[in-house]
Amino acid sequence: MASDSYDVIVIGAGPTGENAAERAVRGGLSALIVESELVGGECSYWACMPSKALLRPAGVVAEASAVHGVTGARLEPAEVLKRRDSFAHDWKDDGQVKWLDGAGIELLRGHGRLAGERRVSVGGATITARHAVVVATGTGAIVPPALRDVRPWTSREATSAKTAPGRLAIVGGGVVGAEMAAAWSALGSRVTLISRGGLLDRVPEFAGELVTAGLRDAGVDVRTGANVTAAARAGDGGPVMLTLDDGTMVEADEVLSAVGRYPKTGDIGLATVGLEDGSWLEVDDTMRVTAVPGGWLYAAGDVNHLALLTHMGKYQARICGDAIAERAAGREPPVRDIASRTRVPQVVFTMPEVAAVGLTAAQAEAAGMRVRVVEYEIGNVAGASLFADDYRGHAQLIVDEDRQVIVGLTLAGPGVGEMIHAATIAVVGEVPLSRLWHAVPSYPTMSELWLRLLETYGL
Ligand SMILES: Cc1cc2nc3c(=O)[nH]c(=O)nc-3n(C[C@H](O)[C@H](O)[C@H](O)COP(=O)(O)OP(=O)(O)OC[C@H]3O[C@@H](n4cnc5c(N)ncnc54)[C@H](O)[C@@H]3O)c2cc1C
Ligand SMILES: NC(=O)c1ccc[n+]([C@@H]2O[C@H](COP(=O)([O-])OP(=O)(O)OC[C@H]3O[C@@H](n4cnc5c(N)ncnc54)[C@H](O)[C@@H]3O)[C@@H](O)[C@H]2O)c1
């Protein structure tokens, strides 16, 4: 560490922290980033990248198998795991450290804690921030009490395991549960997925139902409406026995806890600035923590609980880093967050995929909009029937009738992940339906879905 004071100190070098620091430096400020584990954060080593490296081969096989005339596509689990290792850079962060260096960001390894206003302690050192401190410490996996004594996998083990367990039980039917069920069943595990509701309860029901059907087709034993009430592991390396509230038992070699995330704010000195240790950090539209006076504390990415997604963390980081630089120059930032609450895109990489942006009908109605819901079977589009024989997929479009703009779209079906950005542009751009009518989709692509949706709406 070259100095004991910097313009900006960022705690946490995940995708969010890295980008916040980079934007601040780009704005002419000096920045120190503090990291206690690997530079690159959860996303690079135990989340997005390794999980998608596990899922992509399964997706390729599913796509190939859905086209008559193509035979023989199959996974080679050892090769898939090797490719996953390379995407996780063998859990080494040299490349990312080099990137920090190139961006002019100084790195300090260690556990960072706030030590009062604009001060951060790391080991024995206390460093002062002239303008701002950014908390970007991310989240960890919640383990429910019933699983605490059976050495469960969390998302970290589920994305870094070196072999497929013979039998894998997954508790939690959210995104991690559904994606990891798809990945490990394709890699040879016998998977039981236990969800207390349906699957993917944050998107419209049809999407969770299509994923449930897809997982069952792939051989996953999906148990919905079921809770784990007790768990026991036989001996050190023995199997785990789960007791469910419907009276059944599930035996597995490993059990994955996939029931959500907690903020990594339990030991970062929040109490020294008047906040509650362990809490999510509420922010304004420039990522400033609202409860701390003086406007020097920012929080971006997972830790502010707005949208637990890498692309949203990086978006917030750009806004936050720019805002700090603007304010350091005595100006109020012109660019503010308009996406993290109501215009969030997400792709769930299951078979089939689910892709969504913006509001569901219920959310739009709760926001006071007069809503029209447009439904369409994606399989009726020529491009979809070419993409896969017997294509099964569904689209639900949410229109704000008063403004005549799209406020939400959910797609579920093979290959829909790459289609959602068009919707994101329409939602964020608030493109009127009458204008969208002139955005002519190419024939015969799946994007012709746009035309069908507008026709179904009545254009
Ligand atoms: C299995 C899984 C798959 C996912 N897949 C996707 C996906 O496909 N697409 C997507 O958009 N999102 C995905 N996510 C979500 C994504 O991983 C997170 O939204 C993203 O990592 C958040 O970035 P972040 O920088 O806010 O936090 P993190 O990536 O968690 O980084 C925080 C960093 O802060 C460090 N840190 C924490 N406390 C301290 C401290 N006190 N001092 C110093 N350093 C500290 C940590 O070591 C870490 O490096 C997935 C999540 C999981 C669990
Ligand atoms: N492709 C992607 O974009 C991607 C992939 C993985 C994760 N993520 C992000 O990571 C975050 C975490 O994912 P997640 O799946 O851990 O959380 P989640 O919140 O998406 O799902 C957790 C599920 O567990 C259930 N649950 C909660 N407590 C439970 C309990 N005690 N017993 C049984 N079930 C319980 C919830 O009802 C929910 O269905 C999400 O916000 C997600 O957006 C994104």
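One term before we start: buried means under 20% relative accessible area, exposed over 50%, and partly exposed in between (1.4 Å probe, protein chains only). This is a predicted model, where local features need pLDDT of at least 70 and side-chain atom pairs count only at pLDDT 80 or more, while totals for chains, interfaces and linings use all residues. Residues are numbered from 1 along each chain as its sequence is written, chains are lettered from A and ligands numbered from 1 in the order in which they are written, and side-chain values use heavy atoms, with hydrogens and water left out.

**Stop one: Arg343 and Glu430.** Select both, and you'll find their side chains meeting in a salt bridge (3.0 Å, N to O). That term means a side-chain nitrogen of Lys or Arg within 4 Å of a carboxyl oxygen of Asp or Glu. Glu430 is partly exposed, at 32% relative accessible area, whereas Arg343 counts as buried at 18%.

**Stop two: Glu37 and Arg156.** Here's another salt bridge, again listed at 3.0 Å, N to O. The two residues sit 119 residues apart in the chain.

Conventions
Helix = DSSP H or I, 4+ residues; strand = E, 2+ residues; numbered from the N terminus.
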